[in-house]
Amino acid sequence: MTAVDDQSAANFLIEQKWQDYTEEEHSIWRLLFERQQRLLVGRACDEFLEGLDALGVAADGIPDFRKLSDALDAATGWRIVAVPGLVPDDVFFAFLARRRFPSTCFIRRRDQLDYLQEPDVFHDICGHVPLLMNPVFADYMQAYGEGGLKALGLGHLQHLARLYWYTVEFGLIATRRGLRIYGSGVLSSAGESVYCLEDPRPHRIRFDLRRVMRTRYRIDDFQQTYFVIDDFRQLFDATRPDFAPIYHEIATQPDIEPDGLVRDDRPFNASRSLSAGSHGQKNGLQVVRSPSLGRKRLEDVRQHHNQ
Ligand code: PHE
Ligand code: CO
């Protein structure tokens with residue numbers, strides 16, 4: 001099995017240098033934060049909003065990772081570590097397996113509020129960290145890191161990466177009060193946080209592990225399919241079994257297109273959320289259709305450019 005030792009993962013660590021952020025950078029954070037805060041009421045799942053509250057991730061500026069880590073550590077034993085950008089898959093998994101969340105430090109420019117290529121500090125911190133305050137989700141992320149190292153060794157990273165994409169980055173959750181968002185890629189995107197719940201076009205399908213692993217995803221537009229879980233416990237339980245035989249089984253089955261449907265799909269009936277209609281506009285919000293940030297693999301980006 002591919003094993004990265006702590007030392008080679010540690011080679012990717014940098015200092016956040018919190019005191020060096022400029023007033024302009026903090027003000028971009030505030031702009032993004034306030035916009036999402038407005039949009040996410042009634043759209044983000046309770047676990048996210050509770051985590052955000054408990055952490056005190058603030059509207060007032062880019063948070064200091066050290067302070068944030070202390071609060072997070074006390075709740076679930078996770079800490080944030082600073083990295084320069086996308087790190088190699090094995091390094092990323094090794095961090096997660098040790099309950100370390102690698103976050104970028106830079107923030108997008110004012111002329112890139114809705115579109116940039118790679119995750120920045122707003123996506124990484126505001127999108128991912130609040131859910132790490134939830135004990136079940138915190139365990140899921142660690143298990144994913146361990147599973148990543150294993151998938152690398154088995155040559156099935158592509159299948160496992162889809163699980164991350166369609167849960168951690170773009171997942172939806174069914175609650176008693178309606179469909180809500182828990183995926184960080186969506187939570188950090190103004191356009192997609194409205195689109196994923198209210199637009200009639202994308203498919204919303206009940207989570208099924210094998211179905212997710214077989215489904216290709218788009219990195220250049222809003223998603224065409226979202227997978228809906230009932231709660232984090234269901235997600236954790238469904239991903240607990242040994243994936244080796246599952247990889248083996250789906251290796252013989254064809255991939256499913258990003259907008260494809262298959263016979264056993266159980267559609268999620270989102271009549272309530274969908275009829276909620278246009279409160280995006282009521283907020284006076286211009287929805288910009290640009291792809292949301294998520295942890296693409298370098299390979300995804302390369303393939304995309306070759307198309
Ligand atoms: N059970 C998975 C395996 O055996 C590990 C895993 C857990 C992967 C949770 C992803 C998420 O590979
Ligand atoms: Co992400």
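Predicted model: local features only at pLDDT ≥ 70, side-chain atom pairs only at ≥ 80, totals over all residues.
Colleague: Which protein atoms are the donors of the cobalt ion (ligand 2)?

Modeller: His123 and His128 each give NE2.

Colleague: What are the angles at the site of the cobalt ion (ligand 2)?

Modeller: They run from 53 to 133 degrees among the four donor atoms. The site is irregular. A tetrahedral call needs all angles between 85 and 135 degrees, so the 53 rules that out.

Colleague: Switching to packing. How many residues are in the largest nonpolar core?

Modeller: That core has 89 residues. Those with the most contacts inside it are Trp29, Ile125, Met141, Leu163 and Tyr182. Helix α8 supplies the largest share of this core, eight residues.

Colleague: Take Met141. What does it touch?

Modeller: Leaving out residues up to four places away in sequence, Met141 touches Trp78, Leu96, Phe101, Leu132, Tyr164 and Val168.

Colleague: Now helix α3. Which of its residues are buried?

Modeller: Helix α3 covers residues 46–55, and its buried residues are Phe48, Gly51, Leu52 and Leu55. Seen down the axis of α3, they fall within an arc of 100 degrees, so they line one face of the helix.

Colleague: Why would residues three or four places apart point the same way?

Modeller: An α-helix has 3.6 residues a turn, so residues at that spacing point the same way.

Colleague: What's on the other side of α3?

Modeller: Glu50, Asp53 and Ala54, which are exposed there.

Colleague: And what covers the buried residues of α3?

Modeller: The cover includes α2 (23–40), α4 (65–76), α6 and α9 (184–187).

Colleague: What follows α3?

Modeller: Gly56 does, with a positive phi near 70 degrees.

Colleague: How many residues of helix α10 are buried?

Modeller: Nine of its nine. Helix α10 spans residues 190–198. Its buried residues include Glu192, Tyr195 and Glu198.

Colleague: On to charges. How many salt bridges in the whole structure?

Modeller: A search finds 21. One of the pairs is Arg110 with Glu24, at 2.9 Å, N to O. Arg110 lies in the loop between β2 (100–103) and α6, and Glu24 in helix α2, so the pair ties together parts that are 86 residues apart in sequence.

Colleague: How exposed are Arg110 and Glu24?

Modeller: Both residues are partly exposed. The relative accessible area is 40% for Arg110 and 38% for Glu24.

Colleague: What does Asp46 pair with?

Modeller: Arg177, in a salt bridge at 2.7 Å, N to O. This pair links distant parts of the chain, 131 residues apart: Arg177 is in the loop between β3 (172–175) and β4 (178–181), and Asp46 is in helix α3. Asp46 is partly exposed, with a relative accessible area of 36%.

Colleague: What about Arg263 and Asp264, buried or exposed?

Modeller: Both are exposed. Their side chains meet in a salt bridge at 3.7 Å, N to O.

Colleague: Which residues does the network of salt bridges link?

Modeller: Asp70, Asp73 and Arg79.

Terms used: Residues numbered from 1 in each chain as written. Chains lettered and ligands numbered in written order. Heavy atoms only, no water. Donors = N, O, S within 2.8 Å, 3.2 Å for Na, K, Ca; no water. Tetrahedral: all angles 85-135°; square planar, octahedral: opposite > 155°, others 65-115°. Core = buried A, V, L, I, M, F, W, Y, C linked by side-chain atoms within 4.5 Å. Buried < 20%, exposed > 50% of the residue type's maximum accessible area, 1.4 Å probe, protein only. Helix = DSSP H or I, 4+ residues; strand = E, 2+ residues; numbered from the N terminus. Contact = heavy atoms within 4.5 Å. Arc of directions from axis to C-beta. Salt bridge = Lys/Arg side-chain N within 4 Å of Asp/Glu carboxyl O.
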